[in-house]
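Q: Can you walk me through this one? Keep it quick, please.

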Amino acid sequence: MSTESTLTHPGNMHPRSFTQAQLEWLPWLEPLPEDELTERHYAGLVDASRAKSPYFRLLARDPDILGARTRTDKDIFYNPDAGLPRAERELSAAAASRFNGCIYCASVHARFASHFSQRTDVVQRLLDEGVQADLGARWNAIVQASVALSATPSTFGSAHVDALRAQGLDDLAIADVVHGAAFFNWANRLMLSLGEPQAPAAA
Amino acid sequence: MNAVVSSFPDPQTLDVIDQLVGIAPGSALDRLRAQREQARTQAQQSYLALFAPAEPVAGHFEIADRFAIAAFVAGLHGQPEVARLYAEALAEQGVARAIEAEVARGAAQGPYGHYPEGPLSVEDEAGPVYAVDAVQRAVLGERLSAGLAHAHLLVFHPRDASPAALQALLDAGWRTTEIVTLSQLVAFLAFQIRVVIGLRALATPSA
């Protein structure tokens with residue numbers, strides 16, 4: 001069966017550094033063909049438009065865990081009720097992705113962090129200099145907490161909670177940092193291990 | 001299949017994250033989690049989708065093997081309490097002991113690994129490449145042992161992932177859909193464990 005081999009992309013232009021540019025993603029295993037998607041697959045995809053994405057059509061092979069994962073993701077990042085501002089939820093995602101080395105995930109969430117904060121240059125420093133970059137006291141506390149939580153084993157503890165409180169984050173905002181970084185420890189591992197990023201074609 | 005389950009999770013089971021953090025109804029953390037109701041519910045649904053999947057189940061990935069891999073992943077994260085929760089579902093003490101032995105052998109500090117050659121190469125960090133020991137391999141079997149090796153890669157050095165790593169799974173009898181579930185399981189655990197650690201720290205009174 002065609003599904004029982006890996007896919008390789010020998011001609012792919014793999015991005016060589018972290019970037020806020022829009023990247024593509026190429027799967028190493030065969031995604032489900034769009035015309036074979038059933039109602040259950042669409043329920044897992046949540047948004048029907050995701051049927052266009054090879055990443056989501058690959059994950060749709062197990063639709064129930066994909067659906068639960070997607071709904072977890074949406075509440076962590078999009079729930080507008082109180083807690084951490086959206087820009088900083090995206091920052092926690094970008095920091096975890098930078099630390100784990102997921103160039104694709106970092107590109108998406110650095111772009112979102114820039115969009116919502118209007119601090120594109122500061123976000124770019126995180127990508128260029130890494131998680132030790134000085135982004136100002138509040139963002140440093142969020143990045144350091146996200147990084148400590150992402151280490152395996154984790155080194156996150158009450159000192160990080162205290163540092164976030166000192167920057168004015170309340171408990172819900174701190175829980176949002178925790179969930180944002182934790183979720184990207186899920187996403188990074190899928191993106192990194194099931195395919196590879198593709199740089200945009202040179203203009 | 002080498003691992004066997006002693007009991008299946010009850011879909012009505014208590015919220016696993018609440019249970020692991022020790023969140024009592026009406027407590028501050030209970031109210032806090034209630035403010036992200038979907039994240040809480042769907043994290044639990046994720047757990048159930050992986051460990052008590054609804055029929056028809058995608059692929060043929062034995063439930064007992066799922067618990068064995070989860071116990072391994074939690075052990076590698078240095079979370080014996082979480083590891084115990086998953087290991088308790090294993091009926092075979094031999095499998096549980098083999099997993100414990102492999103957790104000790106697989107211990108490392110992540111993330112490490114390599115970037116594509118270029119400006120990021122200065123950030124490359126070497127680390128162990130893990131495979132199950134011959135003694136435990138005899139207990140766990142080739143297929144589960146290959147799953148554990150892949151889990152170790154995902155836990156500690158996911159940026160070293162490659163088509164070759166997936167080919168090793170295919171060669172050991174994993175099919176494409178089962179590899180997707182395996183990847184989700186390991187990656188979900190990486191999330192669940194960190195939420196538990198983060199919420200525990202939040203519940204600890206500051207000095």
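This is a predicted model: local features need pLDDT of at least 70, side-chain atom pairs count only at pLDDT 80 or more; totals for chains, interfaces and linings use all residues.

A: Residues are numbered from 1 along each chain as its sequence is written, and chains are lettered from A and ligands numbered from 1 in the order in which they are written.

Q: What pLDDT does chain B average?
A: Chain B averages 94, and 95% of its residues score at least 70. pLDDT is the predictor's confidence in each residue, from 0 to 100. The model's ipTM is 0.97 and its pTM 0.96.

Q: How many residues does the contact take from chain B and chain A?
A: It takes 56 residues from chain B and 56 residues from chain A. Contact means C-beta atoms, placed from the backbone, within 7 Å.

Q: Which element gives the largest share of chain B's side?
A: H9(B), with 19 residues. Helices are DSSP runs (H or I, at least four residues), numbered from the N terminus.

Q: New topic. What does UniProt list for chain A?
A: An unreviewed entry lists residues 63–145 as "domain: Carboxymuconolactone decarboxylase-like". Such annotations may be inferred rather than shown by experiment. That stretch of chain A is 78% helix.

Q: Which residues of H5(B) are buried?
A: Val82(B), Ala83(B), Tyr86(B) and Ala87(B). Buried means 20 or more other C-beta atoms within 10 Å of the residue's own, with C-beta atoms placed from the backbone.

Conventions
Two residues are in contact if their C-beta atoms, placed from the backbone, lie within 7 Å. Helices (H or I, at least four residues) and strands (E, at least two) are DSSP runs, numbered from the N terminus. A residue is buried if 20 or more other C-beta atoms lie within 10 Å of its own, exposed if 12 or fewer, and partly exposed in between; C-beta atoms are placed from the backbone.
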